[in-house]
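Hello,

Here is the structure I promised to pass on to you. Have a look at it first, and then read my notes below.

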Amino acid sequence: MVIIIMIIIQRRELDKVLNSKWLLIYGRRKTGKTFYIREKARYNKYFIVTKSKTVIELQSGEELNQEEFRRLLPLLLETEERIIIDEFHRLNEPFFSMLQGMSGRGKMTLITSTMHYFRRIVGKNSPLLGLFELKSVGLVDPRDSIIFAQSLGLSGKSLLEVACIVREPWLAPKAERLREDIIYNLEDELRTYVPYLIGEIFSEEDLEYTPRYAGILEAIAGGRGSSSEISSFLFSRGVIEKDNPGLISQYLKNLIQMGVVKAIPLFGKRRKTLHYRHLSPITDFAFYLNAKHAFFEAEMDESKIRRLLKERMPLYMEWFFEDFLVRHFGLQPVKVAKPQLEVDVALVDHKKVKVVAEVKWKDSVKKEEIRKIEEKLHEFENAEKILIVPEREALKIEPEGIKVWDWRTFAKFSKM
């Protein structure tokens, strides 16, 4: 008999709460919530609610209707063991009222992939309000993805690139098999899995995946970051009847709530303005290819896909490092609005820029480039200044007054 042991990406945000008495975990599809809880949590019974609203106990395979489950649950909560209910939002309303009456009894973890329903059932006037500790699960923490990539024996530039890719945890098994070769062997996942994943997210949210949503995702992948730019793109394609950002505002809000799109404030604007981008590099690149080459419908040369991904990889590494620095420093990301001061990463605290970073994702950084970086970053007088490169040896000269972070720095800080 062959026993296959799959490496699990540690999720520090989940490890901190696994023992919470009443816990509610939420996040979009395929972020690894169910897998991690099943593999890492201690529990006695694991139930999953199917779309037909049947309740199945996974270990025994026993099927229960909702009335049978409601009678059983109070008995289970009298024990000291944990009860897990996955996709609990599919249960009928009497279940939630019953939970209110059992508040504080036993140990229970609820899991849901439906974001709009989650907000409704824990919002104002909900019987669940205040009963559960809440934990959001999104892409893998970049620190944990770096530790995972190290466990595969990787180092240097490939360590951080693989870490960037496996923030989508469903790619971890392929990374475990291919190591650094996964970076440019993603055609099947991009063409088949990404559209399926997006469709599944919309299905869970009870939303129709309309041409407006598809157009918005392609516009953002094409670098149109403002609502006015996205609106103009959709109007030019005949997707909306007017070039009016108001026509897509709710669509953008929905995509943000679903964990597909991210909004970053523009720093330096008098009124609040947002810059939009894909949360995941994987979905961004798939929609980028579709916008440029009808990738989801037409054949495309593998070598061209690899070349285009290599061209866009520095952008995705900027996103990766931004999220790392956000967690490391505990600050908020912004996009600097002034073109002459535009930096790859800017973090603020109380409307003051505290950290700025430039990313040079290349094997050699010339003296002239370093001098320009010095000039730009020193405009932020009171901010910590960082230059990020794959290897410190890539620098032709040492920058003045700027810290240099390479893969070794990130590997070290990931363990803190």
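Arg179 counts as partly exposed because its relative accessibility is 31%; buried means under 20% relative accessible area, exposed over 50%, and partly exposed in between (1.4 Å probe, protein chains only). Arg179 sits in the loop between α8 and α9 (187-204), and its phi is near 55°, a positive value in a residue other than glycine.

A word on the source: this is a predicted model, where local features need pLDDT of at least 70, side-chain atom pairs count only at pLDDT 80 or more, and totals for chains, interfaces and linings use all residues. Residues are numbered from 1 along each chain as its sequence is written, and side-chain values use heavy atoms, leaving out hydrogens and water.

The helix and strand names come from DSSP runs (helices: H or I, at least four residues; strands: E, at least two), numbered from the N terminus.

Lys351 also has a positive phi, near 65°. You will find Lys351 in the loop between β11 (345-349) and β12 (352-359), and at 75% relative accessibility it counts as exposed.

Now for Arg167, in the loop between α7 (156-165) and α8 (172-178). Is Arg167 buried or exposed? It is buried, at 8% relative accessibility. Its side chain makes a polar contact of 2.5 Å with that of Asp323 (a pair of N or O atoms within 3.5 Å; within protein, one must be able to donate a hydrogen and the other to accept it, and residues adjacent in sequence count only if both atoms are side-chain atoms).

Happy exploring!
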